[in-house]
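Please look over the sequence and the model below before reading the report that follows.

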Amino acid sequence: MDLKEDYRLAAVMFTDICGFSRMMGEDERGTLELLQIHNALIEKLVRQHNGHVIKMIGDAFLIDYKNTHD
């Protein structure tokens, strides 16, 4: 039996905005506007570097890259 093992180096990135809950309590509208800007920026940069957004939850992103170079 010939078993071919497939290996690759990949990178996984997790982001989270520090103090997001506190920011929401202090200025919900402003924080949500900032979150929209943040999300657009992260999504643009991920695409530019050949990444893939696996999941977005609130202020957090889980992203993978098919190689460590990107």
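A residue counts as buried when its relative accessible area is under 20%, as exposed when this area is over 50%, and as partly exposed in between, with a 1.4 Å probe and protein chains only. The model is predicted, so that local features need pLDDT of at least 70 and side-chain atom pairs count only at pLDDT 80 or more, while totals for chains, interfaces and linings use all residues. Residues are numbered from 1 along each chain as its sequence is written, and side-chain values use heavy atoms, with hydrogens and water left out.

Ser21 belongs to helix H1, residues 20–26, where helices (H or I, at least four residues) and strands (E, at least two) are DSSP runs numbered from the N terminus. Two residues can be set side by side:

| Residue | Relative accessible area | Class |
|---|---|---|
| Ser21 | 63% | exposed |
| Glu26 | 59% | exposed |

The C-alpha atoms of Ser21 and Thr31 are separated by 9.4 Å, and these residues are 10 apart along the chain.

Glu26 forms a salt bridge with Arg22, their closest N and O atoms being 3.2 Å apart; the term requires a side-chain nitrogen of Lys or Arg within 4 Å of a carboxyl oxygen of Asp or Glu. Both residues, Glu26 and Arg22, lie in helix H1, four residues apart, which is about one turn of the helix.

Three strands form an open sheet in the order E1-E3-E2, with antiparallel pairing, where two strands pair if DSSP finds at least two bridges between them. At the edges are strand E1 (11–15) and strand E2 (51–57), each of which pairs on one side only.
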